[in-house]
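Please look over the sequence and the model before reading on.

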Amino acid sequence: MSFANAYGLILVSGVEVGSIYAIAAMGLVLTYKTSGLFNFGQGAVAAAAAYVFYGFYSPQELGLSWTYAALISVLIFGPVIGLVLELVARRLADVPITYKIVGTVGLLLIFRQAGSIAFNTDASLPLAVYLPHGRAFAVSGTNVTYDQVITVLIAFALAVGLYLFFRYSRLGTGMRAVVDDPALIDMTGHNPAHIRRVAWMIGTTFAALSGILIAPQQGAVDGSLLTILVVYAFGAAVFGYFRSLPLAYVGGIVVGLIQAWVNHETSVRSGLQSLSQLGPNAPFIVLFIGLLVVPKRRLVDVGRQVKAKASSPSQLALRTRSSINIGMFAVLALVPVIASGPKLVFWSEAMSSIVLFLSLGLLVRTSGQVSLCHIGLAAVGGVAFSKMAAEQHLPWAVALLVAGLLTVPVGAIIAIPAIRLSGLYLGLATLGFGALLAQVFYLQTWMFGPANGIPFPRPEGFSGAKPYYYLMLLIVALAAVLVAVIERSRLGRLLRAVADAPTALTVLGASVATTRVIVFCISAFLAGISGALFGGIFGTADPNSFSFFNSLILLAIMALTATFLRTLPAAILAAILYEVVGGYINSPRFTLVLPLLFGVGALTAALLSAGTGVGAWFEREARESRGRARSPVAARRQQRRFPHHTNPLPAIRGES
Amino acid sequence: MKQRQRAKIAAIVALALPLALTSCGTRLPHSAVVAAADGGAAPSSNSGGTTAGGVTTPGASTSAPGVTTPSSSAPTTGTSIVPGSGESPGKTTGGSGAGTPAGQQTQAAGTSHTCAKQGSPIVYGQVGTFSGIIGGSIGSAVDGLKIWAAATNAVGGIACHPVVVDSIDDGGDNGSAQSGVEQLVQDDHAVAINAFTPITTAGIEPYIDQHRVPVVGGDLLSSAWYTDKNFFPQGGPLQAVLYAISRYAVLQGGTKYSFFYCIEASPCTQGENMLTKQGIAAKAGLHAVGDQPISLAGSNFTQQCATAKSKGANVIFIGAGVSAVNAIGRDCASQNYHPIYLALSLGVTNSQQSDPNLQGLAIGSVQFPWMATGTPALTAYHDALARYAPTLDDSGGAAAGWTSGELFERAILNLGSAAYGNITSADVIKGLAMIHNNNLGGLVGGHLNFHANAPATLDSCVFVAVISKDKWAPAQGGRAICEP
């Protein structure tokens with residue numbers, strides 16, 4: 001291939017793919033800059049629109065012409081979804097950034113699954129290209145088809161149109177201002193709510209458009225694939241610092257060109273062929289590296305910033321809490337007796353997941369950080385354990401400990417963006433890191449490699465399912481003690497302060513950065529242990545066991561349970577929801593519905609964190625209960641019941 | 001306020017209407033097939049939980065719930081299944097064994113069967129990833145096995161035992177796969193397992209080995225099929241498939257190839273490892289010009305096509321799903337590039353045969369290509385399909401399910417008079433171990449050789465099918481290609 005032909009090919013491929021990224025990225029940036037809510041579910045909205053298009057267009061369904069189907073899915077479905085999301089965004093405006101992420105992850109799960117439920121399948125639905133596909137012209141020997149030209153032109157027209165709209169129309173100017181000072185906008189005669197509503201309608205219309213453009217290019221309507229493809233657009237949005245629409249367009253094109261260039265270089269240069277997997281993952285690389293190198297001042301959070309509330313003290317006495325925790329472990333110890341046989345494996349998986357949720361809880365609940373790559377950390381720990389136990393033949397317990405320790409440096413890498421970035425950008429960076437880990441590193445021979453799986457030996461005397469379950473239960477108990485000790489220690493107070501008032505922490509002389517690194521390292525250690533335990537359940541594990549997308553589900557479930565429960569009960573319930581419930585309800589319909597329920601739960605948890613509704617009620621009850629406990633009447637009652645007790649109100653002190 | 005309410009109502013209507021209008025109740029082909037095979041019983045089989053059903057009471061005119069009684073007579077082409085009778089025309093083929101015990105059974109070709117004494121049902125469990133992206137490719141294995149059970153029961157079952165097929169979907173989760181096998185064996189008393197577990201074999205293998213339950217037929221993608229003595233594959237390994245289609249490409253004039261493999265699923269990278277790094281393609285006579293990873297989420301493969309074209313590749317091997325195969329065909333055609341396409345049978349469907357870009361697409365299959373005809377065994381398959389699932393979109397998965405059933409049946413028939421007693425897992429293994437140099441009447445490409453205490457030894461012979469003139473058709477005159 002000549003030089004001109006090679007670069008003509010890169011240009012054609014890169015610009016077409018980049019145009020699709022650009023459309024998705026512009027919709028994303030538009031809603032973010034006008035509402036302050038970064039919609040992780042943008043790809044899922046695109047997928048839902050593609051399902052609607054399929055329903056109206058496919059000959060197996062209603063069989064309308066593609067123009068009608070496109071009009072319905074883009075100009076009706078898209079704006080209406082925008083109206084709905086604007087309502088959600090308005091309520092999420094008052095929640096901390098962590099819960100904003102949780103809320104939009106919930107939206108992602110809801111929209112991604114809605115189409116599968118509607119069509120009663122989570123398999124791909126075949127969809128051929130409906131735009132004219134003949135050859136239009138050639139660029140340096142590379143043929144360009146009409147559908148490619150149309151896609152590029154649509155993206156360009158939208159970019160120019162949006163630029164002019166924001167630059168010259170009053171509504172556009174209003175959109176730029178609405179996030180900064182809605183009250184001021186109100187005084188100028190504009191309705192801020194109306195402006196936001198229009199912005200969301202435009203944003204989701206863009207998402208719908210990208211969905212119906214991408215799906216036929218992929219050859220099918222597939223909720224998972226579309227969701228992932230639009231996540232590629234996050235990389236494009238980095239170029240505009242998540243706020244500039246023209247730069248988001250440029251970013252989309254640049255990411256497409258980078259992807260095409262890396263594909264080309266790794267395929268034609270023999271020395272680079274081992275790096276060929278970098279090409280398809282170029283958008284994730286751009287996202288992760290971009291968030292590391294873009295100056296911090298450029299990555300400013302849009303919209304009102306709500307501080308995370310420090311986790312409130314438990315209303316129960318230490319002894320009561322200990323009794324409850326012991327009781328929970330007693331119930332878990334009875335599981336092999338009650339649920340012996342086919343269902344025990346789900347409980348075994350739950351044991352491993354409890355450790356993972358404890359790890360995630362330490363990050364999210366205690367320190368207010370975000371991780372969308374926790375499954376990846378578990379995979380690293382799992383592989384490390386396999387290498388230590390099966391290849392180096394270390395004793396099982398030593399291998400487990402080493403596996404946890406070897407995961408710590410990876411946690412430290414993730415902590416780098418945590419040091420310099422706020423919650424949203426940290427979430428994006430960890431998402432990019434998790435995707436890279438799964439799609440590039442899992443397949444390397446020093447991780448899982450291309451084989452069927454890597455071995456996970458069990459220790460002597462624990463080869464049976466029940467003994468191994470009890471061994472895991474013991475490790476869960478140790479992990480729970482470790483987390484409880486951390487939470488009650490000075491480190492725990494520092495972590496809560498990181499979430500609550502990082503500036504105050506700095507003023508007091510403590511290092512926020514060091515504290516964040518420490519919590520990521522501890523969390524990674526526990527996640528690594530979890531991965532090692534998981535592999536032992538089956539004696540083997542492969543990349544399929546650690547799908548990076550599940551990190552989003554983990555966060556959604558964690559947020560849901562942590563809304564109502566404290567550390568250990570939240571982790572146990574989350575693990576049961578994640579691993580056990582689906583095992584007991586054997587219904588294909590329920591399998592489709594379960595992720596949607598997790599999504600609804602995550603969204604609900606996020607909305608409750610705004611201090612309204614049930615969340616506020618719980619909060620109020622807790623405050624009043626505290627007040628009653630501190631009252632003189634309560635003190636006298638306590639004194640009567642425990643006359644020799646020197647501290648009559650131990651219950652209101654400390655943190656579980 | 002009213003404006004807001006109107007917006008809310010519009011939102012709800014717009015959310016609900018498109019989904020309701022376009023989809024409700026329109027997509028239940030799998031269940032419908034199973035319902036048909038189960039004689040109209042409630043379709044609940046393919047995933048999650050078990051389905052007791054599919055048994056026939058020979059000679060009886062009524063059926064219990066889930067019982068298959070398509071009609072009072074046997075299928076028109078259905079012929080007798082006589083234990084130990086060796087090759088017989090129609091559904092059952094191959095094998096050797098003892099003769100029919102006197103008084104046990106009276107069967108005649110083309111007629112209904114009567115058994116002096118009805119045996120207890122034999123439960124053949126099936127577990128697999130029948131949902132999700134993988135399920136889209138292999139989900140029809142459930143149909144294939146159900147149809148086999150219906151056809152078998154219609155001619156008297158196996159040695160007067162009605163056959164019950166219980167299917168469980170593991171959803172791609174190792175835990176569900178393990179739990180499913182335990183449930184099938186412990187609760188449903190399955191004596192053998194049929195496993196379509198391309199990514200969940202690790203979940204079932206420990207239990208299978210611990211309890212010595214034979215795994216009879218399945219997806220054959222995991223190495224366990226050829227290294228574990230409790231796995232009894234209905235054909236050769238993936239390497240044999242890769243060799244056969246590579247060899248076919250060479251016979252069609254192919255000289256250089258590029259492998260487009262997906263980065264998201266380990267079976268894709270395993271294929272790349274075998275074909276290129278282990279040199280299977282080179283052994284068949286194809287020269288590698290550079291493999292190219294692709295993302296299943298990718299929307300354009302023009303660059304990969306053009307790169308392969310510039311390197312002189314006239315063969316493209318695709319290790320990805322159906323939608324990627326279609327998109328690659330489209331994008332290569334747009335560059336006036338029309339190589340020989342090779343894919344695994346899991347990456348194709350019937351709908352592709354009319355795609356002008358995919359003419360010449362070839363696949364390999366250890367069992368018969370689903371469209372093949374011309375032998376009694378194949379006629380039995382197509383007749384059963386026409387009878388029990390006339391609307392089924394026939395595919396490689398259904399053929400694999402059917403062939404697995406035939407293998408299971410052969411194993412039990414090999415027990416001779418013992419086949420009329422209670423059948424256990426040990427009996428099935430014993431019967432399987434009696435299968436030597438058997439190709440199930442031509443249903444499988446190579447000859448099967450099983451052993452009680454050692455992994456299977458097989459001929460690595462594979463059928464090839466190709467899209468020709470808008471139709472899938474057996475290649476090479478229906479003869480299998482064998483790896484030397």
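## Overall build of chain A

Chain A contains 25 helices and six strands; here helices (H or I, at least four residues) and strands (E, at least two) are DSSP runs, numbered from the N terminus. This is a predicted model, in which local features need pLDDT of at least 70 and side-chain atom pairs count only at pLDDT 80 or more, while totals for chains, interfaces and linings use all residues. Residues are numbered from 1 along each chain as its sequence is written, chains are lettered from A and ligands numbered from 1 in the order in which they are written, and side-chain values use heavy atoms, with hydrogens and water left out.

Of the 656 residues in chain A, 59% are buried. Buried means under 20% relative accessible area, exposed over 50%, and partly exposed in between (1.4 Å probe, protein chains only).

Contact means heavy atoms within 4.5 Å. Among the contacts in chain A with a separation of 6 or more, 77% are between residues 24 or more positions apart. A:Lys296 lies in the loop between α11 (282–293) and α12 (318–338) of chain A, and it counts as exposed because its relative accessibility is 51%.

## Two helices of chain A

Helix α3 (residues 66–92) of chain A has 27 residues. From its first C-alpha to its last it reaches 36 Å, close to the 39 Å expected at 1.5 Å a residue. The expected span is 1.5 Å times one less than the number of residues. Where is the kink in α3(A)? A kink of about 30 degrees is found at A:Phe77, shortly before the proline A:Pro79. The bend at a residue is the angle between axes fitted to the seven residues ending there and the seven starting there.

Helix α13 (residues 344–366) of chain A has 23 residues, which should span 33 Å at 1.5 Å a residue; the end C-alpha atoms are 31 Å apart, which agrees. α13(A) also bends, by about 30 degrees at A:Leu360. Is α13(A) mostly covered or mostly uncovered? It is mostly covered, as 23 of its 23 residues are buried. Just after this helix, A:Gly368 has a positive phi of about 70 degrees.

## The nonpolar core

A nonpolar core is a set of buried Ala, Val, Leu, Ile, Met, Phe, Trp, Tyr and Cys residues joined through side-chain atoms within 4.5 Å. The largest one has 350 residues, and those with the most contacts inside it include A:Phe40, A:Phe242, B:Trp148 and B:Trp402. α13(A) gives the largest share of this core, 15 residues.

Leaving aside neighbours within four places in sequence, A:Phe242 is in contact with several residues, including A:Val29, A:Phe234, A:Leu291 and A:Leu428.

## The cysteines

How many disulfides does the structure hold over all chains? There are three, a disulfide being a pair of cysteine sulfur atoms within 2.5 Å.

| Disulfide | S to S distance |
|---|---|
| B:Cys262 and B:Cys268 | 2.1 Å |
| B:Cys305 and B:Cys332 | 1.9 Å |
| B:Cys461 and B:Cys482 | 1.9 Å |

The link of B:Cys262 and B:Cys268 is right-handed, with 80 degrees about the S-S bond, and both cysteines are buried.

The disulfide of B:Cys305 and B:Cys332 is left-handed because the torsion about its S-S bond is about -85 degrees. This pair links distant parts of the chain, 27 residues apart: B:Cys305 is in helix α11 (residues 302–310) of chain B and B:Cys332 in helix α12 (residues 322–334) of chain B. B:Cys305 and B:Cys332 are both buried.

For B:Cys461 and B:Cys482 the torsion about the S-S bond is about 110 degrees, so the disulfide is right-handed. B:Cys461 counts as buried at 8% relative accessibility, whereas B:Cys482 is partly exposed, with a relative accessible area of 39%.

A:Cys373 is in no disulfide; the nearest cysteine sulfur, that of A:Cys521, is 13 Å away. That distance is too far for a bond. A:Cys373 is buried, with a relative accessible area of 1%, and A:Cys521 is buried at 16%.
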